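Here's a quick briefing to read alongside the model. Have a look at the structure first, then go through the points below.

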Amino acid sequence: MENRTEVTEFILLGLSSAPELQVPLFIVITAIYTLTVVGNLGMILLILLDPRLHTPMYFFLGNLSLVDFCYSSAVTPTVMAGLLTGNKVISYSGCAAQAFFFGAFATVENYLLASMAYDRYAAVCKPLHYTTTMTTSMCARLTTGCTFGGILAASVITSDTFSLSFCTSNVVHHFFCEVPAVMALTCSDGHVNELILVYMASFNIFFAFLVILVSYLLIFITILKMRSAASYKKALSTCASHLTTVSIFYGTIIFMYLQPSSSHSMDTDKIASVFYTMVIPMLNPMVYSLRNKEVKSAFKGR
């Protein structure tokens, strides 16, 4: 069996090989990343400083902003450096670390969105029991569970991928070390490893999505039973921001992973990856700022 250490570094092909696009892409991605950092860290600071936002909903939103900042930071600075310097080489250990951190934070976000859906369910369907259901300890346990799930999934998938031998090519057809792109380079039989990846990713996505689906099904049933127009409107506004975030996040994942492999192209996959690694983390704080009265009020109060 070939020794995997024959490959000590990988070459990331990046977003585009066209020289004339390097500077415009750098400017656009730098602007996106700046908005991501300012938006998410600003949201965290706002939640910490304003007592009106010390509620379970904003506790989860603060964690979501932190995760958005972290998983965008696991990818975007590397892309920016590659565009600026032209150096697209990443070490073997650096590639493994990037794959791990991106996978961990993306999985934590997946489970956080499910926890937020449960929180909205408790707020709309069980309003009288909300304060006793969504206690500080319950919120902490849910967040800890999300973090543990992310670390466990990323550990399994990353170790599964980098236990393979890489001895033929070290050119990754992507702008970062995403596991499927790295796994495609193996010179050993990766069939079992691919199955582990598919099963792990499918479980994470569909379990969280099922929680969200059931939560919103129960929420909409409760909303339809409401007789008061004011209660109906309040319930919808309570869920609007989260539902928008969920639609963007899972819409991209469904587009990326639930289409036939024959219809995939490298360019399409890269565009989808740009969306969920850079654009979604930038959009989330905007969605919650524009569609949430409490956040807008707290922001004006500052």
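Let's start with a charged pair: the side chains of Asp50 and Arg52 meet in a salt bridge, at 2.8 Å from N to O. Keep in mind that this is a predicted model, where local features need pLDDT of at least 70 and side-chain atom pairs count only at pLDDT 80 or more, while totals for chains, interfaces and linings use all residues. Residues are numbered from 1 along each chain as its sequence is written, and side-chain values use heavy atoms, with hydrogens and water left out.

**Salt bridges**

- A salt bridge here is a side-chain nitrogen of Lys or Arg within 4 Å of a carboxyl oxygen of Asp or Glu, and that rule gives a count of 2.
- In the Asp50–Arg52 pair, Asp50 is buried at 1% relative accessible area (buried means under 20%, exposed over 50%, partly exposed in between, with a 1.4 Å probe and protein chains only).
- Asp119 pairs with Arg120 in a salt bridge, and their closest N and O atoms are 2.6 Å apart.
- Asp119 counts as buried at 1% relative accessibility, and Arg120 is buried too, at 5%.

**The disulfide and the cysteines**

- The structure holds 1 disulfide, taken as a pair of cysteine sulfur atoms within 2.5 Å.
- Cys95 and Cys177 make that bond, with their sulfur atoms 2.1 Å apart.
- The link joins distant parts of the chain, 82 residues apart: Cys95 sits in helix α4 (residues 92-125), and Cys177 in the loop between β3 (171-172) and α7 (179-183).
- Helices (H or I, at least four residues) and strands (E, at least two) are DSSP runs, numbered from the N terminus.
- Which hand does the disulfide have? The torsion about the S-S bond of Cys95 and Cys177 is about -120 degrees, so the disulfide is left-handed.
- Both ends are tucked away from the probe: Cys95 is buried at 0% relative accessibility, and Cys177 is buried at 1%.
- Cys139 is buried as well, at 3% relative accessibility.

**Around Thr76**

- Thr76 belongs to helix α3, which covers residues 76-85.
- Is Thr76 buried or exposed? Thr76 is buried, with a relative accessible area of 2%.
- Setting aside neighbours within four places in sequence, Thr76 is in contact with Ile29, Tyr33, Thr277 and Met278, where contact means heavy atoms within 4.5 Å.
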